[in-house]
Amino acid sequence: MTKIGVAAAVNDREVLQKCLLSSPDIASEVVTVRTYERYKNSGLAYNRALSDSESDYLIFAHQDVFLPKGSLKRIELALDHLDATQPNWAVAGVIGVDSDGRLIGRTWSSGLKMVIGHGGNLPAQVESLDELLIIIRTQAGLVFDEALPSFHLYGTDIVQIAKQAGRSSWVIDLPVIHFSRPVTNLGGGYRDAWKYMQTKWRSALPIPNLVCPIGRSILPLLKRDLRLRIKFR
């Protein structure tokens, strides 16, 4: 098996080329990227990637993420540390929230035009991860939920799946650049995924995430959606 593999669900080849494939460690072929197109949701795409993988760790990165030079070595060292200190870990990422809803980790977001979070006190255990970059320890045997609609909230879902299996999830210190677009509303696919998660994990609610915590009432989501729509109208 290879140490680390990279997979990406893709719907814009130009963005992929300008961002993820332009990352120095990828452009220099330190690691290769397998891409998955025309899948209707994240679970179908990423489970195919898991079945294709022969790596110990599989990185799922957004097509609009850029990994600075040396990121792969930094990831390898961070995962070696988790292997040594947290033998039951299964999922890692670069930014998430803990059980108290506190933001953990950091990234530069072009959509928000600022650095989100900070790099202190890492690695740290979390209850939810942002989907911009997620790492799966393949020997943990986790699979994504293929019934989860669209391409939202699978970072929260896979952490809860790992937790249910007695596995932990962590944020590591890995500064990356996310060339994201501003989130202008929380309707459509996001709301479908949120409602699905609300039903699926009803016994575990509330579950924190970076955009809107998943709770028993949909009212906080509707309020957040309205504020975004007014802001970007």
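Is Val115 buried, partly exposed or exposed? Val115 is partly exposed, because its relative accessible area is 46%, and the cut-offs are under 20% for buried and over 50% for exposed. This is a predicted model.

**Surface patch**
- Val115 sits in strand S8, residues 114-118.

**Helix H4**
- Helix H4 runs over residues 71-85, which is 15 residues.
- At 1.5 Å a residue, H4 should span 21 Å. Its end C-alpha atoms are 21 Å apart, so the model agrees with that expectation.
- The buried residues in H4 include Ser71, Leu72, Ile75, Ala78, Leu79 and Leu82.
- These residues cover an arc of only 125° around the axis, which puts them on the same side of H4.
- An α-helix has 3.6 residues a turn, so residues three or four places apart point the same way.
- Leu77 and Ala84 lie on the other side of H4, and they are exposed.

**Helix H5**
- Helix H5 covers residues 154-164.
- Nine of its eleven residues are buried, so H5 is largely enclosed by the rest of the structure.
- The buried residues are Tyr154, Gly155, Thr156, Asp157, Ile158, Val159, Gln160, Ile161 and Ala162.
- Their cover includes helix H3 (42-52) and helix H6 (188-200). It also includes strands S5 (89-93), S10 (128-129), S11 (133-137) and S12.
- Asp157 counts as buried because its relative accessibility is 2%.
- Leaving aside residues up to four places away in sequence, Asp157 touches Asp145, Leu148, Met197, Lys200 and Trp201.
- Just after H5, Gly166 takes a positive phi of about 80°.

**The loop between S11 and H5**
- Val143 is found in this loop.
- Val143 and Ile161 are 18 residues apart in sequence. Their C-alpha atoms are 8.4 Å apart in space.
- Val143 touches Ile161 and Ile158, along with Asn47 and Leu50, not counting residues up to four places away in sequence.
- Ser150 lies in this loop too. Its phi is near 60°, a positive value in a residue other than glycine.
- Ser150 has a relative accessible area of 18%, so it is buried.
- Leu153 also belongs to the loop. It has a positive phi of about 65° although it is not a glycine.
- Leu153 is buried, with a relative accessible area of 4%.

**Salt bridges**
- The model has 14 salt bridges.
- Glu14 and Lys18 meet in one of them, at 3.0 Å from N to O.
- Both residues lie in helix H1 (residues 13-18), four residues apart, about one turn of the helix.
- Lys18 counts as exposed, because its relative accessibility is 57%.
- Asp98 pairs with Arg102 in a salt bridge, and their closest N and O atoms are 2.8 Å apart.
- Asp98 counts as buried, at 7% relative accessibility.
- Arg106 forms a salt bridge with Asp173, with the closest N and O atoms 3.1 Å apart.
- Arg106 lies in strand S7 (residues 103-109), while Asp173 lies in the loop between strand S12 (168-171) and strand S13 (177-178), so the pair ties together parts that are 67 residues apart in sequence.
- Salt bridges that share partners join Arg74, Arg106 and Asp173 into one network.
- Arg106 counts as partly exposed, at 27% relative accessibility.
- Asp173 is partly exposed as well, with a relative accessible area of 22%.

**Cis peptide bonds**
- Most residues other than glycine have a negative phi, and most peptide bonds are trans.
- The bond from Leu122 to Pro123 is cis, with omega near 5°.
- Pro123 lies in the loop between S8 and strand S9 (124-125).
- The bond from Leu205 to Pro206 is also cis, with omega near 0°.
- Pro206 lies in the loop between H6 and helix H7 (219-231).

Technical notes:
Residues numbered from 1 in each chain as written. Predicted model: local features only at pLDDT ≥ 70, side-chain atom pairs only at ≥ 80, totals over all residues. Heavy atoms only, no water. Helix = DSSP H or I, 4+ residues; strand = E, 2+ residues; numbered from the N terminus. Expected span 1.5 Å × (residues − 1). Buried < 20%, exposed > 50% of the residue type's maximum accessible area, 1.4 Å probe, protein only. Arc of directions from axis to C-beta. Salt bridge = Lys/Arg side-chain N within 4 Å of Asp/Glu carboxyl O. Contact = heavy atoms within 4.5 Å.
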